[in-house]
Amino acid sequence: MTPFIAEILGTMIMILLGNGVVANVLLKDTKGNNSGWMVITSAWAFAVFVGVTIAGPISGAHLNPIVTLGLALIGKFNWNLVPAYVLAQMIGAMSGAFLVWLSHKDHFAATEDEGTTLACFSTSPAIKNNLSNLISEVIATFVLLFSVFYIAGPSLQIATDANATIGLGTIGALPVAIVVWAIGLSLGGTTGYAINPARDLGPRIMHAILPIKGSSNWTYAWIPIVGPIIGSGLAAALYLAIN
């Protein structure tokens, strides 16, 4: 196990379980069909918990390019490692999305609505308004990153290894899962709370590649990328200004 592999596996499992619950709730004839938003937000939080648990001790379990970027912006992560982490997260996200399709293949085939099948891969707005949708992603990501900065704050010390990566796994997976759960319940209804470019872009690419009918909605795809980047930058700026 290396940090690169840990980020792949942690992100893959997170996407498998996170997008898996969306498939379970939305796709036709699953046993979880129409079980609702509480199920989706709860399982997504647990998906983050599992992913962080797997990758945390090895890579710090960023599982999100925005977390990697944010920690680098505040000087808590080496900029030289950022490209490798982002690549691993994209590979993991695409792999997880493929496994969701594989495990729900019959239900994808049985589901006629193209928007429903796309929702099992990537996010979309409840009401399409690019500016409002962008602001929603900025705010939600700001909350995630600002919380993460304190979960993985500079006051934490690792007694056995002074050079260990400071990341989400340093004090356990549960706090991060709770933050993601809160964001989903409170802020997620507008855009589906991507708050993670790899989580949206990787599966969206797989939707375009796999034999699934319907558009991958590339005209919207920039919002779950640009919004989190802006939110990360704002969170980093505030953190640096007050610490």
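Patches, as used here, are made of residues with over 30% relative accessible area and no salt bridge, where like charges are joined within 9 Å and nonpolar side chains (Val, Leu, Ile, Met, Phe, Trp, Tyr) within 5 Å. Accessible areas come from the Shrake-Rupley method with a 1.4 Å probe, and for residues only the protein chains shown count as cover. A salt bridge is a side-chain nitrogen of Lys or Arg within 4 Å of a carboxyl oxygen of Asp or Glu.

The model is predicted: local features need pLDDT of at least 70 and side-chain atom pairs count only at pLDDT 80 or more, while totals for chains, interfaces and linings use all residues. Residues are numbered from 1 along each chain as its sequence is written, and side-chain values use heavy atoms, with hydrogens and water left out.

**The surface patch**

Met-1, Phe-4, Ile-5, Leu-9, Ile-54, Ile-58, Leu-87 and Ile-91 make up a nonpolar surface patch, with about 640 Å² of accessible area together. Two or more of its residues come from each of helix 1 (3–26), helix 2 (37–59) and helix 4; helices are DSSP runs (H or I, at least four residues), numbered from the N terminus. Helix 1 gives the largest share, three residues. Leu-9 is found in helix 1 and is partly exposed, with a relative accessible area of 32%. On this scale buried means under 20% relative accessible area, exposed over 50%, and partly exposed in between (1.4 Å probe, protein chains only).

**The core**

Now to the inside. A nonpolar core is a set of buried Ala, Val, Leu, Ile, Met, Phe, Trp, Tyr and Cys residues joined through side-chain atoms within 4.5 Å. The largest one has 55 residues, and Trp-44, Phe-121, Leu-144 and Phe-149 have the most contacts inside it. At least two residues of this core are supplied by each of helix 1, helix 2, helix 3, helix 4, helix 7 (130–151), helix 8 (174–187), helix 9 (197–209) and helix 10 (223–242). Contact means heavy atoms within 4.5 Å. Not counting residues up to four places away in sequence, Phe-149 touches Gly-70, Leu-71, Ile-74, Ala-235, Ala-236 and Tyr-239.

Two residues of helix 4 (residues 82–103) are worth a visit. The first stop is Gln-89, placed in this helix and buried, with a relative accessible area of 0%. Its side chain and that of Glu-7 are joined by a polar contact of 3.0 Å; such a contact is a pair of N or O atoms within 3.5 Å, and within protein one must be able to donate a hydrogen and the other to accept it, with residues adjacent in sequence counting only if both atoms are side-chain atoms. Apart from residues up to four places away in sequence, Gln-89 touches several others, among them Thr-11, His-62, Asn-64 and Ala-198.

Leu-99 also lies in helix 4, and a relative accessible area of 28% makes Leu-99 partly exposed. Leaving aside neighbours within four places in sequence, Leu-99 is in contact with Met-12 and Leu-16.

**Sequence and space**

Here are three pairs, with their separations along the chain and between C-alpha atoms.

| Pair | Apart in sequence | C-alpha to C-alpha |
|---|---|---|
| Leu-118 and Asn-217 | 99 residues | 8.5 Å |
| Leu-99 and Ile-13 | 86 residues | 9.3 Å |
| Phe-77 and Ala-110 | 33 residues | 45 Å |

Leu-118 belongs to helix 6 (residues 114–119) and counts as buried at 8% relative accessibility. Beyond its neighbours within four places in sequence, Leu-118 is in contact with His-207, Ser-215, Ser-216 and Asn-217. Phe-77 sits in the loop between helix 3 (65–73) and helix 4, and counts as buried at 8% relative accessibility.

**The salt bridge**

How many salt bridges does a search of the whole structure find? The search finds one. Arg-204 forms a salt bridge with Asp-200, the closest N and O atoms being 2.8 Å apart. Both residues lie in helix 9, four residues apart, about one turn of the helix. Arg-204 is buried, and Asp-200 is too.

**Backbone angles**

Most residues other than glycine have a negative phi. Ala-61, which is not a glycine, has a positive phi of about 55°. Ala-61 is placed in the loop between helix 2 and helix 3 and counts as buried at 0% relative accessibility. Tyr-193 has a positive phi of about 40°, although it is not a glycine. Tyr-193 lies in the loop between helix 8 and helix 9 and is buried, with a relative accessible area of 6%.
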